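Here is a friendly briefing to read with the model open beside you.

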Amino acid sequence: MSADSPRLRLGILGIVVVSLFATLFARLWFLQVMAAPTFQVAAESNRVRIVQETPVRGRILDRNGTIIVGNRQSAVVTVDREAIAEPGDREALFASLAPVLGKAPEDLEARYQDGRYNALLPLPLAEDVPEGTVVYLDERQDQLPGVSTELVAVRDYPYGALAAHVLGYVGEINESELEALASDGYELGDQLGKTGVEKTYEQDLRGTPGVTKLEVDSQGRVLRVLARRPPQPGHDVVLSIDLNVQSYTEQVLAEELANARTRRPRTSDVNYAAPAGSMVVLDPRDGAVIALASYPSYDPRVFVNGISQGQFDFLNDPANHYPLNNRATQGLYSPGSTFKLITAVAALRSGLIDARTSIVDDGEYEVPDCTDQCIFRDSGGGVDGTVDIRRAMAVSSDVFFYKLGADFWMARGRLGLGIQETARDLGLGAESGIPLPDEQAGRVPDPETKQALHEENPEAFPFGEWFTGDNVNLSIGQGDMLLTPLQLANTYATFANGGTLHSPNIALRVQEPDGAVVREFGPRALRQVALPPEVRDPILEGLREAISTEEGTAYGPFAGFPLAEFPLAGKTGTAQTRANEDVFDTSLFVGFGPVFNPEYVVAAVLEEAGFGSTAAAPAVRRVFDGLAGLAPFPTASEAPLFGAPAPAATPPAEQAPGVIVDASD
C-alpha cells in the first residue's frame, strides 16, 4: 500500500464533507433569503383566519311602499366549540340541552360534525327558540358551560303565502350553487335566493358581508381580533305588484276554482277537478305586472331556517298539484279560442280576408280534398249563420276560423305560415323576458316542430307530417299549441296598446333603505307589431261585442258591469284536456279596459274547470269590479285560503253531485 493512500482518502472525505456543508448552507440561504416571502405568507395564513359576517338582507316592497318581505330577529342557541372539544363533555352537554331545545342528542351531535358551520364561530344548535327557553338558558349559564343565546336577522314574510310565487324564498346555498358563486364571496352555510324575486335580485338584496380578521394559535384557537369591517345591508327592491290587487286576485282565483268543483259537464258524472290555475294583471302601457297569481300556493316561511323533509315532500307530491310551480310563467296550456285573436290578425294582415268577408256557419266545416277526419264541428254544437270577422270574434265561431286555418295552409306558397308567423310576432313561442327564473317559452307548432316532436317521441306524436287539419286545429288554439298565462296576457296587452310588445317588468326600482334610488327599471319594448286600423278595428269591435251584446260569449258574466263608463273587451277560450278517462275543459278568458285607453289586461286560466264563460270569465269580471272601483279591494292580509293547495280529486262515488253546466265557449 502506498503511503499516499490515507492522505488521498482523507482528501476525498474532506471534499465530500465540504460539499455536504456547502449544500446545507445553500439550502439554508435559499430558505431564509430567497423563499422567505413565500413562507412568511404561509405562516401568516396559518396565523390569521378570515371570518365573514352575514349582512341584513334588503326588503321587498310593493309599488305603494308596503313591506312584503322584511327581516325579523330570531333567537339562536349557540355553544363555544372549545367547551365541548372533548367527546365526554359534548355528550353530557347535549344530553342536558336536548330536552330543553326539543331535539334529540343525536341531532345536536350531527350539528357539531356538520362541516358547513365555521369552526371558528360558536356552533348554532337551534334557531327560532322561544323567549321562555332563552330566559331558562340565560339563568343557567353556570350549569351549561359555553352555551349562550344571540339574536340574528332572518327573513320575514308578514303576509304568509300571499304573492309567494312572485317573491320566492331563501335557502342555504348548496355545493353546485357555491361552485358557481364562490368568486362572489359566498361560503357554505350562506343564505341564497332560490326562486322568484329573491333569486332574480339576489345581488341587490344580499348586501356586502362583513369581514373579521382573527389571530389564532397553532391549535386554531382565537387569540385576538386583528381587524373588522362591518357588513353593509342589502338594497330594497320595489315591485310593480300592487299588494291589494294581488291579494284580491289570489282570493278570486281560489274561490272560482272552488266554485268550479261544485259543477260538472253535461256529458260526465264527475265534477270538474279544477285543481289549479293562474291569473295575471298587466298594465299594457308599459308592461308592468300588477298581480301574478298561481294556485295552489305555498308559505315561504317554511323555508326559513331550513325546511323539514316532510314539508318538502308535501310540496313536491303530485297529489297536491305541485304548489311550488309558478303556473303564470311555468304552466303550459292550450289557449283555446283566445288564440283566435292571432288567427284574425294574421288573416287581415296577410290579405287573406278583409273586414267584409263573411261565410255561413252551419255548425261544421269540411276540409277540401280530404280523405280522413275531414269534418270539424263547432265545440259547442252551435250554428251561427252569417259571420264576418267582427261577429266571429263576438260569438266565437269555430267554423269561421276553421276555414281560415285551412285557407292559410292551402295558400302557404303565397302567404307563408301566416298564423305561426303572427303568433311569434306577438310574443308566443319565446320567453317574455320577465325577470323571474325558469320561465317557459311555450310552443308554436309548425311542420318542422311536428316532425321534431315525432322523431323525439313517436308514441306521443305518432305523425310527423303536417296536414291541413293541423292548421285547422291551430286556428282555434288546439293541437300542439302551448303558452303560459303570462304570454297570453302579454299578447292581448300588445293588441290593446296598439302594437307595442313589452317584456313584462316585475320591479320598478332598487333603492337604499332610506329610499334613495339606486337604479330604476323602465318599460322594455321588444318591438312594434303592425296593427293598422283596418286590421285592429274590426277585431276590437268583435272583442267588445263578446262582452256587450247578448249573443257575445262573455255577455252573461259581465251583465251589469258599467260598460258605458268603463268599456271592456275580451275573449273566452276553452281547451280540452284529458284526465284519466275523462275529458275536461280548461277555462280561459282575457279582458282589457278601458278599451280606448287601456290600463289593465286581466287573464285567467283555470285548469279542468269548464267553459271559458262559466269559470274564467266570472273570475276576470270580479277583478275588473275592483279595478273599476265598483267593489273596493280588501286590504291585503294573510289568509290560509291563498296558500292551501287544492284537494286531490275526490273519487266519483264519494263526490257530491255538481250542478250540470252547458255553456258556450
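## Rings and charges

Arg-412 lies over the face of Trp-409, at 3.9 Å from the ring centre. For this kind of contact, NZ of Lys or CZ of Arg must be within 6 Å of the ring centre and within 35 degrees of the ring normal. This is a predicted model, in which local features need pLDDT of at least 70 and side-chain atom pairs count only at pLDDT 80 or more, while totals for chains, interfaces and linings use all residues. Residues are numbered from 1 along each chain as its sequence is written, and side-chain values use heavy atoms, with hydrogens and water left out.

**More on aromatic rings**

- Phe-495 also has a charge over its ring: the charged end of Arg-536 sits there, 5.3 Å from the centre.
- The structure holds 12 aromatic pairs. Rings of Phe, Tyr and Trp (its six-membered ring) pair if their centres lie within 6.5 Å; planes under 30 degrees apart count as stacked, over 60 as edge-to-face and the rest as tilted.
- One of the pairs is Tyr-298 with Phe-303, which is edge-to-face, with 6.1 Å from centre to centre and 85° between the planes.
- Tyr-298 and Phe-303 are both buried. Buried means under 20% relative accessible area, exposed over 50%, and partly exposed in between, with a 1.4 Å probe and protein chains only.
- One aromatic cluster is formed by Phe-558, Phe-561, Phe-566, Phe-589 and Phe-624.

**Backbone details**

- Most residues other than glycine have a negative phi, and most peptide bonds are trans.
- Tyr-295 and Pro-296 are joined by a cis peptide bond, with omega about 0°. Pro-296 lies in the loop between β13 (288-295) and α11 (309-315). Helices (H or I, at least four residues) and strands (E, at least two) are DSSP runs, numbered from the N terminus.
- The loop between β13 and α11 also holds Asn-305, whose phi is positive, near 65°. Asn-305 is partly exposed, with a relative accessible area of 34%.
- Another cis peptide bond runs from Gly-593 to Pro-594, with omega near -10°. Pro-594 is in the loop between β23 (582-593) and β24 (600-606).
- Ser-396 has a positive phi near 60° and belongs to the loop between α14 (389-395) and α15 (398-410). Is Ser-396 buried or exposed? At 4% relative accessibility, Ser-396 counts as buried.

**Salt bridges**

- Side chains of opposite charge can pair when their charged atoms come close.
- The structure holds 27 salt bridges, each a side-chain nitrogen of Lys or Arg within 4 Å of a carboxyl oxygen of Asp or Glu.
- Among them, Arg-206 and Asp-190 meet at 3.8 Å, N to O. Arg-206 is in helix α9 (residues 202-206) and Asp-190 in the loop between α7 (175-181) and β7 (191-193), so this pair ties together parts 16 residues apart in sequence. Both Arg-206 and Asp-190 are buried.
- Glu-607 and Arg-327 form another salt bridge, at 3.0 Å, N to O. Glu-607 lies in the loop between β24 and α22 (612-627) and Arg-327 in helix α12 (residues 327-330), so the pair links parts that are 280 residues apart in sequence. Glu-607 is buried at 14% relative accessible area, and Arg-327 is buried at 9%.
- Asp-425 and Arg-349 also meet in a salt bridge, at 3.1 Å, N to O. Asp-425 is in helix α17 (residues 418-425) and Arg-349 in helix α13 (residues 340-350), so the pair ties together parts 76 residues apart in sequence. Arg-349 counts as partly exposed, at 30% relative accessibility.
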